[in-house]
Amino acid sequence: MALGEADGEAVGEAERGGLAVGDGLAERLGAGGEGRATGVPTGSGVSTAGAEGCSLLAAALGGVLAPPSAVPSGFSPELPPQAATSRSAPSTGPAVTRRTGSPSVADCLPRLGGGPVGNPDPMAGDLQQGPRRAVVLGAGGVLGAAWMVGSLVALRDALGVEARDADLLVGTSAGSVLAALLAAGCSAEDLLASQRSAEGLLPLPGGRTVGFDHDTGTGGWLPARPSPPPASPALLRRGLRDRHVPPLATFWAAMPGGRGSLEPLRTALADACGPGWPRPGLALPALDFATGERRLFTAASGIPVADAVVASCTAPLWYAPAELGGRTYIDGGVASITSADLLAELPADRRVDEAYVLAPLASLVPDAPRDLASRLERRWRRRETRKVLEEVRAGASRGTRVVLLTPGPEDLAVMGANLMDPRRRSAVLETALRTTSRALARTSLGVAG
């Protein structure tokens with residue numbers, strides 16, 4: 001049966017770590033309350049696996065990735081006859097407005113047959129074997145970054161997917177930091193070593209190291225005293241009269257402005273990645289704080305990658321807007337917490353075969369916290385998860401196999417409500433290592449390589 005059509009018993013089974021496959025994109029977070037699934041988009045073919053911690057969803061155009069042998073004993077999903085061959089329609093969800101003249105994600109990849117842009121050996125070209133891969137790293141603050149590092153290590157160990165070798169790296173907000181470091185040649189193991197190091201020492205290619213204090217480098221667990229509202233009068237005026245401006249962008253334009261600084265992060269990234277762009281195949285979105293349009297920074301943008309990362313990471317209310325080229329920018333997560341919709345923008349001659357989407361701000365299998373702050377955070381998280389699932393479905397509709405990983409109940413319990421709280425960082429990291437490995441081990445996706 002499709003999880004979106006499951007009765008209460010089946011939903012409970014999935015929450016305990018079951019697997020459901022069917023013809024709908026499994027959305028667990030509808031208006032019917034926690035633990036219920038309603039309003040599921042249909043037609044894509046999906047498999048889902050939820051461990052006690054990490055939740056995983058794999059969506060594939062024209063079929064399911066998990067073979068029958070991956071289904072836990074005692075759980076018998078029903079596949080419609082057309083599931084193995086049906087073609088899903090492109091998503092009809094609202095599109096994110098891209099700034100006119102902004103580079104396209106297609107600019108990050110060569111046409112098929114030209115060799116992967118991200119290959120560290122420029123002579124390898126067409127000699128590289130295997131599928132073209134994208135790794136999409138979402139927003140999530142200090143704790144989301146720690147969760148993604150743990151998940152990247154689990155992906156490498158369970159599926160043989162080393163993120164730094166991906167042909168396309170898309171990083172939003174906290175994900176932009178990791179994407180830039182991966183593009184600079186750091187491995188998942190290097191990122192893990194930095195998270196575990198008391199000094200935050202990050203091993204770099206060539207034997208160098210760069211230090212960054214993960215607990216204080218982003219300003220601590222509370223923002224500095226903000227400036228008086230509105231943070232962006234221009235965007236507020238535009239948002240009130242233009243329905244194409246993301247509502248969240250208009251909201252943050254009306255709020256007080258941030259005053260914090262990400263200068264320690266900029267300095268560390270400049271040391272790690274150099275003054276330019278580490279390689280093609282890296283896309284970092286931010287939001288223009290005057291127009292509400294998404295700006296995609298790539299190698300073609302002509303700016304240092306450290307500046308692009310800071311623009312993508314500038315969380316409203318927390319940090320002062322980043323200034324680049326006479327424009328001001330805030331966190332790319334305001335437009336989309338993953339930017340996975342960019343996968344659907346790739347033309348047929350530049351598409352990727354597989355995409356791994358890590359979404360710390362979504363959750364396929366929610367928890368049930370008791371404190372008010374966490375309950376409010378989970379309500380917002382449910383809404384964002386619906387958007388992520390639409391983005392994943394759009395990418396799958398273009399023929400890309402998409403694997404989506406999100407925190408599960410065990411991860412969420414450790415995270416709490418404030419994802420900028422560094423006091424929980426180590427616990428989140430170690431929990432993610434365990435829960436993501438367990439989730440990936442419970443299902444066989446057939447995508448290792």
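What follows is a short chat about a predicted model of a protein.

Colleague: Hi! How many helices and strands does the protein have?

Modeller: Hello! This is a predicted model, and the protein in it has 11 helices and 13 strands.

Colleague: Thanks. And what share of the residues is buried?

Modeller: Of the 449 residues, 59% are buried.

Colleague: What about the accessible surface, how much of it belongs to carbon and sulfur atoms?

Modeller: Carbon and sulfur atoms hold 54% of an accessible surface of about 17,300 Å².

Colleague: Okay, contacts next. Taking residues at least 6 apart in sequence, what percentage of their contacts join residues at least 24 apart?

Modeller: That comes to 73% of those contacts.

Colleague: Let's switch to the backbone. Which peptide bond is cis, going into Pro230?

Modeller: The bond from Pro229 to Pro230 is cis, and its omega is near -5°. For background, most peptide bonds are trans.

Colleague: Where does Pro230 lie?

Modeller: Pro230 is in the loop that runs between strand E7 (209-211) and helix H5 (233-241).

Colleague: What is phi for Leu317?

Modeller: Leu317 has a phi near 75°, which is positive although the residue is not glycine. In general, most residues other than glycine have a negative phi.

Colleague: And where is Leu317?

Modeller: Leu317 lies in a loop too, between helix H8 (305-313) and strand E10 (322-324).

Colleague: Now Ser339: what is its phi, and is the residue buried or exposed?

Modeller: Phi of Ser339 is near 60°, again a positive value in a residue other than glycine. Ser339 is buried, at a relative accessible area of 1%. Its loop connects strand E11 (327-331) with strand E12 (354-358).

Colleague: Changing topic, how do helices H7 and H8 cross?

Modeller: The axis of H7 (residues 263-273) comes within 8 Å of the H8 axis, and the two cross at roughly 145°. The crossing of H7 past H8 is right-handed.

Colleague: Which residues meet there?

Modeller: From H7 there are Leu265, Arg266, Leu269, Ala270 and Cys273; from H8 there are Val305, Ala306, Asp307, Val309, Val310 and Cys313.

Colleague: How many of the residues in that contact of H7 with H8 are nonpolar, polar or charged?

Modeller: Nine are nonpolar, two are charged and no polar residues take part.

Colleague: Great, thanks for the tour!

Conventions: Residues numbered from 1 in each chain as written. Predicted model: local features only at pLDDT ≥ 70, side-chain atom pairs only at ≥ 80, totals over all residues. Heavy atoms only, no water. Helix = DSSP H or I, 4+ residues; strand = E, 2+ residues; numbered from the N terminus. Buried < 20%, exposed > 50% of the residue type's maximum accessible area, 1.4 Å probe, protein only. Contact = heavy atoms within 4.5 Å. Areas by Shrake-Rupley, 256 points an atom, 1.4 Å probe, with all protein chains shown as cover. Axes fitted to C-alpha atoms, helices over the stretch in contact; angles between N-to-C directions. Left-handed = near helix turned anticlockwise from the far one by under 90°. Nonpolar A, V, L, I, M, F, W, Y, C, P; charged D, E, K, R; others polar.
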